[in-house]
Amino acid sequence: MFIDEKGKLFGKVNLLDLIVVLIIIAAIAFGGWYFLHYRGGDGEKLTIRYTIESVQKDPEYFDHIIPGEQVVDGKTKQPVGKIVSFEKKPTRILAQNNEEMTLAYDELEGKFDGYIEIELDAEVDYPDLKSGDEEIKLGKLVAYRSESAAIHGYIIGIDYDAEKLKEMK
């Protein structure tokens, strides 16, 4: 009735050709949805500041951290913000006192921990904050470069306007 003896739908369209065309249309639609949902987003930006902790470094390591310098991902070379500030503190470790059987903090001689604050206009793909393909997440190990330094450490803090982020949901 709908398909004749030659396999044509309504006597005009080959059924196999119709199936192939429908699969192609579905693939294009899925590709467009995926690109917009996972790659393109709606382009909303949120200014954030995040802190990288770099531990047990020689004092000279921090001589090359210069506020105002742009920072890029060491591998992909994508921009990840600008250094706003940094602080250097002596490294403190938890050590055991065997005589008193106690634990106490002690400074590790000649080593320092650094706290580098970076500002970025992050792309929002709620609830994720991104710089290009790089997600900015607490606890993430990062390897960044500025013009004068290589920065290696963990993201330990992210500051942003939580209400504005919720509005972007």
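Strand 4 (residues 70–73) and strand 5 (residues 79–97) run antiparallel and are joined by three bridges, where strands are DSSP runs of E with at least two residues, numbered from the N terminus, and two strands count as paired if DSSP finds at least two bridges between them. The model is a predicted one, in which local features need pLDDT of at least 70 and side-chain atom pairs count only at pLDDT 80 or more, while totals for chains, interfaces and linings use all residues. Residues are numbered from 1 along each chain as its sequence is written, and side-chain values use heavy atoms, with hydrogens and water left out.

Within the pairing of these strands, Q70 lies opposite K82 of strand 5. The hairpin that strand 4 and strand 5 form has five residues between them, and K77 in this turn has a positive phi of about 65°. Strand 5 also pairs with strand 6 (residues 102–125) in the antiparallel sense, over 14 bridges, and here F86 has I116 in strand 6 as its bridge partner. Four residues separate the strands in the hairpin of strand 5 and strand 6, where M101 takes a positive phi near 55°.

Residue T51 is placed in strand 3 (residues 45–57). T51 counts as buried because its relative accessibility is 18%, the term buried meaning under 20% relative accessible area with a 1.4 Å probe and protein chains only. When neighbours within four places in sequence are left aside, T51 is in contact (heavy atoms within 4.5 Å) with residues including I116, Y154 and G157.

Of the 169 residues in the protein chain, 24% are buried.

Notes
Buried < 20%, exposed > 50% of the residue type's maximum accessible area, 1.4 Å probe, protein only.
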